[in-house]
Amino acid sequence: MDPAWYLRRLSAMSPAEVAGRATDVLRKQQWRGVAKQKAEWLPHRMFPALPAPRPEVSDYRRHDLLDAADRLMDGHAEYFGVERTDLVAPDWSFDPKTGRRAPADAYSFDIAYRDEDAVGDIKQIWEPSRHQHLTVLAAAYALTGEDRYAHRVADHLKSWWAANPPMRGVHWVSGIELGIRLLSWVWVRRLLDGWSGASGLFEDNPEALHQIWHHQRWLAAFPSRGSSANNHVIAEEAGQLAAACAFDWFPESEAWRGAALRSLDTQLQANTFASGLNRELATEYHGLVLELGLAAALEAGPLVPESTWLVLRRMCDALAAIVDGGGQPPRQGDADDGYGLVVDGPGTNRWTSLLATGDALFGRCEWWPKLPRGDVRTALFTTLRGRVPELTDPRPPQRPHDLFDAGMTILRSEPGAPEIWCRCDSGPHGFLSIAAHAHADALSIEVRYLGVEILADPGTYCYHGEPEWRSYFRSTLGHNTLQLGGTDQSTSGGPFLWTRHAQTRTLAVGPTRWRAEHDGYGAARHQRCVELDGRTLTVVDEVLGDTTLPAKLTFHLGPTVTVDLSGSTAQLSWLLFGRDLGNTATMELPPELTWTAHRGEENPPLGWYSAGFGRREPANTLVGTGFVTTPLTTILRFP
C-alpha cells in the first residue's frame, strides 16, 4: 500500500484504535522470540466425542460428500476457480494461480502478504490451510469408517505442522485464518473419533499440542479491533472458544475460554442488527458469521449466555425472511466464498443447510419457507442440540418484508402466483468507519423470476491483485442503480476502505411498494420508487436539486438472460431449470435516455457477472445515458 493509503486508513480510526494498533506493532516485533517458547499442557487430556448415535444423512448428501472426499484423495480440488491437482502432498506456500511461492521461513510479520508480486495470490495460499478439505475427509471417515480418509488427514496435518512452525510464513499473519483453522481442527478430531490414531494425532502428540497452544496464544494477543472488528473478530473468537472448550489441555484454557465467551457475545451483538441481519450488509458474511457463531456456541454449550443464542436465532429468522422461493438470499456486498465449517460436498446449498440447522436447534417459524434438508453439517449439529437452552423471547409472527434497520426490503408476488422476488436497498453503506465489504450500491435492486436472476447483482470477483476489476465490481456503475457525474455514490480509499459514505433514507415502504433516497452526490439527490403490481414491476428514478450532472442508469441482467434491445425497449428471454421454456419479459426503458447494450467489455470493464470468488463471465448490461431532468420510468413486465 502507498503512504497515502496509510493516511486514509489512519483517518478512519479512533485515537484508542490508533494507540492499540501502535501497541500491536511493537508487540509483533517483540514476538520474534515467542516461537521458540514451548507449550505446557495438563497431564490428563480427553476429547469430548459426539453423543451417540452417529447422525444420519440423506443418501444424496452422503454420495455428494464421498465424491468430494474421493476427489481430494486423488489430489483434486478447486479454489476460487483454480483447479488444483497437487493435494496428495501439497506445498502449503504455493499459489497455483500465479505460480509464485510465498516465503516459508521468514518471520510472519515481516512478510508483505498483500503484495502479489512477492507472495502470489494470498487467498489461493490461505484457503487450503483453513483445512476445510480435511473436515470433508474426516466426515467421510465418520460416515464410512474407512481408514484411508483418516490416514490422509493425518498426513496433511503432520505436513502442515512441519512446514509452518509458529511465526514462520504467511499462515501466521491473519487472525481469521488461525480462528477458522482451529475450528477445523476441533471438528477433524471429533469426526476421527473411533479411529485408532486419533489421540496420537492430537492430544498425545507434542507437535499438535504445540501448534494448538501457539494458535490460541496468537489469537489472545492480536485481536481485530476498532474499525476492523467485523467478521474477522467473530472468526477469531469462534475458533478460540471452540478450541478452548474442545482442547482444554492447557493451564491457560480456562482464561482463554472465558475471554472468548465474553468477546463473542459482545461482537455478535455489535455485528448484528436488531432485525437479525449482519451489519456488514454483505450476504455471504451473514452466512459466515452465522456458521461460526453456531459452531462455537454448540461447542461451549451451557457456558454460552442466552444473549448469544438469541442473536443466532435472530440471524436464522432474518435469513428465512429474505431468501427467494429456491432458498437463495440476496447477492449484496462482498462475497469471497468463505465458510465457517465445511463437512459437506459441493452440491449442498449453504443457505438451506443453515435454515435446516436453525430449524433443528431453535425450531422454525410457521412462515419459514419449506426447503430441502438432510445435509451432513445439520445432522452433526443436531446431535448437539441438547446444549441449546429453551428460548422464550418472541419471534416475528409473520414473514417480514422490510428489515428496517438494515434498509433491506423484499417485494414478492402474491402467494400461489409464480414468484417475482425483488430486493430493494436503502441501508447504511456497510459497517464501521471503513465499511470494508460494502459496495457503492445505494438504491440498487435485484429481481428474480422463479429463482432466475433477471436483474442481477454482478457479485465481487476479486479482492487483491486486480484493482481495476475490484473497483468495477463494487462500483455504482456495477449495480442496478443510477450513477451521476461519472463517479461512485461513496468514495473509495482502497480495496477495503471507503472514506465517504452515502447516506440513505427510506421514505415509504409496504409489501409491494418502496421509496428511498440517498445524498451520495451532494446537491443532486437520487430518489427511487419501486412498485410491484401483479406481474409488473415499475421503477421510477428522480434527481432532486442539481440536474446538470450526466447520468448513467444501469440494469445488469442475469447470466442466463439474453436481450434484444430496440430503442428503449428490451425483450428479455432466459432458460428455466436449464431449459428453454419460452420464458420472456419486456423492459420498457426511459426514452429520455440513450440506451446501449454491453457484454464482456474489458477496457473499461462492463457487462460481467461473478458467480463466485475468482470467477467471472460475460453478461448483458443495459446502460442509459443522458440527463435526469424529469422522472425516469422503467417498467418490467412478465407475461
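**Hairpin, sheets, helices, cavities**

Mentor: Start with a hairpin, the one of β16 and β17: it has 2 residues between the strands, and G567 takes a positive phi near 65° there. This is a predicted model, in which local features need pLDDT of at least 70 and side-chain atom pairs count only at pLDDT 80 or more, while totals for chains, interfaces and linings use all residues. Residues are numbered from 1 along each chain as its sequence is written, and side-chain values use heavy atoms, with hydrogens and water left out.

Trainee: What do the names of helices and strands stand for?

Mentor: They are DSSP runs, numbered from the N terminus: helices are H or I with at least four residues, strands are E with at least two.

Trainee: How do strands pair in general?

Mentor: Strands of a sheet pair through backbone hydrogen bonds, either parallel or antiparallel. Here, two strands pair if DSSP finds at least two bridges between them. Take strand β16 (residues 561-566) and strand β17 (residues 569-576): they pair in the antiparallel sense over 6 bridges. S566 has T569 in β17 as its bridge partner.

Trainee: In what order do the strands of the 5-stranded sheet lie?

Mentor: This open sheet has the order β3-β4-β5-β6-β7, with antiparallel pairing. β3 (402-403) and β7 (452-455) are at the edges with a single partner strand each, so one side of each has no neighbour in the sheet. Inside the sheet, strand β4 (residues 408-412) and strand β5 (residues 420-425) run antiparallel and are joined by 5 bridges. I410 has R423 in β5 as its bridge partner.

Trainee: Which helix lies across β3, β4 and β5?

Mentor: Helix α14 (residues 306-322), which runs at about 40° to β4. For such angles, axes are lines fitted to C-alpha atoms, for helices over the stretch in contact, and angles run from 0 to 180 degrees between N-to-C directions.

Trainee: How is the sheet of 4 strands arranged?

Mentor: It is open and antiparallel, in the order β8-β15-β24-β19. β8 (482-484) and β19 (594-599) form the edges, each with a single partner strand, so one side of each lacks a neighbour in the sheet. The twist averages 25° from one strand to the next. β8 pairs with strand β15 (residues 551-556) over 3 bridges, in the antiparallel sense. Q483 has K552 in β15 as its bridge partner.

Trainee: What describes two packed helices?

Mentor: The angle between their axes and the distance between the axes. Helix α7 (residues 147-163) and helix α8 (residues 175-191) pack at about 145°, with axes 13 Å apart. Contact (heavy atoms within 4.5 Å) is made by V153, L157, W160 and W161 of α7 and by R181, W185 and V188 of α8.

Trainee: How many cavities are there?

Mentor: The structure holds 3 cavities of 30 Å³ or more. On a 1 Å grid over the protein atoms alone, a cavity is a set of points where a 1.4 Å probe fits but cannot get out; lining residues have an atom within 4 Å of a point. Grid points are joined across faces, edges and corners, and a volume is the space filled by probe spheres set on the points. The largest cavity has a volume of about 120 Å³. Of its 17 lining residues, D425, P428, H429, H439 and D441 are the closest to its centre.

Trainee: What lines the second largest cavity?

Mentor: Its lining residues include L277, N278, H286, Q332 and M408. This cavity holds about 70 Å³ of space.

How values were computed
1 Å grid on protein atoms, 1.4 Å probe; cavity = no way out; pocket = protein on both sides within 12 Å on 5 of 7 lines; lining within 4 Å.
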